[in-house]
Amino acid sequence: MYGWIWSHLPGPIWARAIIAVLALAIVVLVLFEWVFPGVSALLPFQEQTVTDA
Amino acid sequence: MTLQSPPEPGLDASPTARPTRRSIDHVLMLVGEILITAGVILGLFVVWQLFYTDVQSGRTQSAALDELTFPEMPRVAAGTGTVDTAEPAAPELVELIPDELKVYSPAGAPVLGKQSEATTFGALHVPRWGYDYVKPISEGTSRARVLDALGIGHYSDTAMPGDVGNFSIAGHRTTYGKPFTDIQTLEMGDALVVQTDSAWYVYRVTSAEIVQPSYIAAIAPTPDQPGVAPTVASITLTTCHPRYSAAQRYIVHGELEYWAPTGHGYPSEIVEGA
């Protein structure tokens, strides 16, 4: 999968490296800002209220 | 990262055998990469939960405090100066609430009406956690809208500050800005100071307990005595216990000592050296 992506990135190696790092940064940003907060609220690890539910 | 299988010795490289072998390799490779990716994402989740939530929620809670327009700025944790300036204000320069304005009874205390969810209506000062400790209090206990973002949340069905009944609030003990991280350090008699637009409410810690998550009696109008009509103004803090777990809840109860109108300075309880 990653090999396939790497071989399909355009440009010389340094350009591919920059694109790969940028793509990685975007993925981490999306995870940190949207995916993880959404998932975390559904997980039962961090509850601090008393509830009869 | 494509893996080419080397020609097997003694095997005839027939056109049917070779592609089958290669596609199995490809599938294994793909599965391996997916598993490694999943592992990295789980690791990132832990980093995010333990460290980055403090950054995100700290920012949100800071902004919520800055938006409050109370007569005394909640940010100016009296005696220690503002959070943003390093120089503490000298205690003698901080105006203190005169004794004659303090009312040692809930009678006549201004009580806020019902707030809409996620509205920040007050601030909590806890000198035991530092004279500069001040956090916004917002309406509701929804994880996503209040507790994970704005910090301390008020149980909607419980009393408002100063009212006879049980003003109950929840907050994270770890992560998300962790407003109640040091809850176990509170001692009997410690001040819990709630600030709203119209009044200061000074509560004193009366008891602490560790309970099951289903123990809703903790936030009953008379704490721990459901069904009993309240006669005093109480405060209850709930958070998780033990740290990094949701197995139990750590509860701290307090009672109103006095209230005073805003606009006349700060309660001496939150002024260092006063």
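Let's start in chain B, with strand 1 and strand 5. They pair in the antiparallel sense, over three bridges. This is a predicted model, so take every pairing I mention as a feature of the prediction.

Look at B:His125. Its opposite number in strand 5 of chain B is B:Val193. Now follow B:Val193 the other way. In strand 6 of chain B, B:Val193 has B:Val202 as its bridge partner. Strand 5 and strand 6 of chain B run antiparallel, joined by five bridges. A hairpin of three residues connects strand 5 to strand 6 in chain B.

How many of the residues of strand 5 of chain B are buried? Four of the five, so strand 5 is largely enclosed by the rest of the structure.

Next, strand 8 of chain B. Strand 6 and strand 8 of chain B pair over 12 bridges, again in the antiparallel sense. B:Tyr203 sits opposite B:Leu256 of strand 8 there. Strand 8 of chain B is mostly covered, with 10 of its 14 residues buried.

Strand 8 of chain B also pairs with strand 7 of chain B. That pairing is antiparallel, with eight bridges. One facing pair is B:His241 and B:Gln248, the latter in strand 8 of chain B. The hairpin between strand 7 and strand 8 of chain B has six residues between the strands. Within that hairpin, B:Tyr244 takes a positive phi near 65°.

On to the core. The largest nonpolar core has 52 residues. Which of them touch the most other members? They are B:Leu124, B:Leu192, B:Trp200, B:Tyr201, B:Tyr203 and B:Trp259. Several elements of chain B each supply at least two residues of this core, including strand 1, strand 5, strand 6 and helix 2. Strand 8 of chain B gives the most, with seven residues.

Take B:Tyr201 as an example. Set aside its neighbours within four places in sequence. B:Tyr201 is then in contact with B:Pro161, B:Gly162, B:Val194, B:Leu256 and B:Trp259.

Last, the other chain. In the interface, 31 residues of chain B are in contact with 19 residues of chain A. Which elements of chain B give two or more residues to the side that touches chain A? Helix 1, helix 2 and strand 7 of chain B. Helix 1 of chain B provides the largest share, eight residues. By type, the chain B side that touches chain A divides into 17 nonpolar, nine polar and five charged residues.

Methods
Residues numbered from 1 in each chain as written. Chains lettered and ligands numbered in written order. Predicted model: local features only at pLDDT ≥ 70, side-chain atom pairs only at ≥ 80, totals over all residues. Contact = placed C-beta atoms within 7 Å. Nonpolar A, V, L, I, M, F, W, Y, C, P; charged D, E, K, R; others polar. Core = buried A, V, L, I, M, F, W, Y, C linked by C-beta atoms within 7 Å. Buried ≥ 20, exposed ≤ 12 C-beta atoms within 10 Å, placed from the backbone. Pairing = 2+ DSSP bridges.
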